[in-house]
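Hi,

Here's the structure I promised to pass on. Have a look at it first, and then read my notes below.

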Amino acid sequence: MKLSTFIITNMQQVLAEWDRFARTLELEGVLSKKEVRDHAEQILRAIALDIDTHQSAEQQQRKSQGLSPENAVASGASIHGTARHTMDSPYCS
């Protein structure tokens with residue numbers, strides 16, 4: 001089974017594991033359950049889509065260097081990261 005198929009087919013189990021792992025990071029009192037989980041499904045769906053998207057060797061290299069084409073719509077990962085960065089927390093600075 002391809003990883004992208006596994007992610008989509010087992011989304012609820014993957015998200016449950018996401019939550020379990022987050023609890024090991026000692027974020028209690030820093031991030032709510034909602035903040036830990038927000039955008040997770042969107043991020044995982046984007047990863048699965050990206051895995052299934054054909055890319056040339058040059059595109060792969062550029063992407064690995066942070067030089068992928070900008071999307072008009074912000075990704076779940078960038079929204080999530082920006083939200084965590086702007087929080088007043090030692091875990092998010």
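Let's start with E17, which makes a salt bridge with R20; their closest N and O atoms are 3.0 Å apart. Keep in mind that this is a predicted model. The two are separated by about one helical turn, because they sit three residues apart in helix α2 (residues 11–23). E17 has a relative accessible area of 43%, so it's partly exposed, and R20, at 41%, is partly exposed too.

Searching the whole structure turns up three salt bridges. Another one of them joins the side chains of R45 and E41, with 2.9 Å from N to O. R45 is partly exposed at 40% relative accessible area, and E41 is partly exposed at 31%.

Then there's D52 with K2, where the closest N and O atoms are 2.8 Å apart.

One more spot to look at is Q55, in the loop between α4 (40–52) and α5 (57–64). Is Q55 buried or exposed? Its relative accessibility is 17%, under the 20% cut-off, so Q55 counts as buried. The side chain of Q55 also has a polar contact of 3.2 Å with that of D50.

Cheers

Note on methods: Residues are numbered from 1 along each chain as its sequence is written. This is a predicted model: local features need pLDDT of at least 70, side-chain atom pairs count only at pLDDT 80 or more; totals for chains, interfaces and linings use all residues. Side-chain values use heavy atoms; hydrogens and water are left out. Helices (H or I, at least four residues) and strands (E, at least two) are DSSP runs, numbered from the N terminus. Buried means under 20% relative accessible area, exposed over 50%, partly exposed in between (1.4 Å probe, protein chains only). A polar contact is a pair of N or O atoms within 3.5 Å; within protein, one must be able to donate a hydrogen and the other to accept it, and residues adjacent in sequence count only if both atoms are side-chain atoms. A salt bridge is a side-chain nitrogen of Lys or Arg within 4 Å of a carboxyl oxygen of Asp or Glu.
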